[in-house]
Amino acid sequence: MGLEEIRSRVAKAAAEAGRAAEDVRLIAVSKVQPDARVEAVLSEGHRCFGENRVQEAQGKWPGFRERFEGVDLHLIGPLQSNKARVAMELFDAIHTVDRPKIATTIARLADEMGRCPDLFIQVNTGEEPQKAGCLPSEVDDFVAECRGLSLPVKGLMCIPPVEEEPSLHFALLAKFAARNGLTGLSMGMSADFERAIALGATHVRVGSAIFGERVPAAKA
């Protein structure tokens, strides 16, 4: 579809929800995309991107940042404690804080570094055993724990189960956020971001609809 069409759809969905388009941050998910596609989107003026893996982002984004000012980089994939320092140096926001151990690690590093990215707590709204995220029953306590560590928690994030209606999960996440006084809602991807915006998403994560499907590299 391309960047401009997605921007237009975001603006239309926001307007239909009685919201301003600028209240919704479009994160272009550039994971495993060829550099040429990422550069093309950068050249169109877009600056907000999402990556799943710290190591991949580390190899890609320092070079792009030298050439393009104002890049806003978001980690939307799982974060391991041993990659936390690199992630905190590289990313402007981390959307996948999901357990006490990683929260404690981030707090310790933030004290050492004197800075911390914006943080979102990932919630496993579908309670799927294979998926990261704190359970719905743990959200309130975990938000309080992160605040007790003086972490800059901006909101919540979820990835609904693929076989379920995502709007139910978006509404649940919005309820948790409101209950905890959080304004950030990182929810909605290529197939459902308009429904997420209707339910209050402040950050939508769109990859294939902007860049096209990733074509696996040919084997030698």
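Arg 205 sits in strand S8 (residues 203–206); strands (E, at least two residues) and helices (H or I, at least four) are DSSP runs, numbered from the N terminus. The model is a predicted one, so local features need pLDDT of at least 70 and side-chain atom pairs count only at pLDDT 80 or more, while totals for chains, interfaces and linings use all residues. Residues are numbered from 1 along each chain as its sequence is written, and side-chain values use heavy atoms, with hydrogens and water left out.

Back to Arg 205. This residue is buried yet has no salt bridge. Buried means under 20% relative accessible area, exposed over 50%, and partly exposed in between (1.4 Å probe, protein chains only). A salt bridge is a side-chain nitrogen of Lys or Arg within 4 Å of a carboxyl oxygen of Asp or Glu. For Arg 205, the nearest side chain of opposite charge is Asp 192, 7.2 Å away; Lys and Arg count as positive and Asp and Glu as negative, with His and the chain ends not counted. What the Arg 205 side chain does have is the backbone oxygen of Cys 158, 2.9 Å from one of its polar atoms. Contacts (heavy atoms within 4.5 Å) of Arg 205, leaving aside neighbours within four places in sequence, include Ile 27, Val 29, Ile 76, Met 157, Cys 158 and Met 187.

Elsewhere, charges do pair up. A search of the whole structure turns up 14 salt bridges. One of them joins Glu 194 to Arg 9, with the closest N and O atoms 2.8 Å apart. This pair links distant parts of the chain, with Glu 194 in helix H8 (residues 193–198) and Arg 9 in helix H1 (residues 3–16), 185 residues apart. Both ends are partly exposed: Glu 194 at 30% relative accessibility and Arg 9 at 21%.

Another salt bridge runs between Arg 25 and Asp 72, where the closest N and O atoms are 2.9 Å apart. Arg 25 belongs to strand S1 (residues 25–29) and Asp 72 to strand S3 (residues 72–75), so the pair ties together parts that are 47 residues apart in sequence. Here Arg 25 is partly exposed at 38% relative accessibility, whereas Asp 72 is buried at 16%.

Arg 108 and Glu 112 make a local pair within helix H5 (residues 100–113), four residues apart, or about one turn of the helix. An α-helix has 3.6 residues a turn, so residues three or four places apart point the same way. The closest N and O atoms of the Arg 108–Glu 112 salt bridge are 3.3 Å apart. Arg 108 is partly exposed at 44%, as is Glu 112 at 48%.

As for the rest of H5, its 14 residues reach 20 Å from first C-alpha to last, close to the 20 Å expected at 1.5 Å a residue; the expected span is 1.5 Å times one less than the number of residues. Among the buried residues of H5 are Ile 102, Ala 103, Ile 106 and Leu 109. The buried residues of H5 pack against helix H4 (84–90), strand S4 (93–97), strand S5 (118–122) and H6. Gly 114 follows H5 and has a positive phi, near 75°.

Helix H7 (residues 166–179) also has 14 residues, and its end C-alpha atoms are 20 Å apart, in agreement with the 20 Å it should span. The buried residues of H7 include Pro 166, His 169, Phe 170, Leu 173 and Phe 176. They pack against helix H6 (139–148), strand S6 (153–157), strand S7 (184–186) and H8. Just after H7, Gly 181 takes a positive phi of about 70°.

Three aromatic pairs come out of a search of the whole structure, where rings of Phe, Tyr and Trp (its six-membered ring) pair if their centres lie within 6.5 Å; planes under 30 degrees apart count as stacked, over 60 as edge-to-face and the rest as tilted. Phe 49, Trp 61, Phe 64 and Phe 68 form one aromatic cluster. Pro 62 lies in helix H3 (residues 54–67) and is partly exposed at 38%. Leaving aside neighbours within four places in sequence, Pro 62 is in contact with Ala 57 and Leu 90.

How values were computed
Polar contact = N/O pair within 3.5 Å; in protein donor to acceptor, adjacent residues only side chain to side chain.
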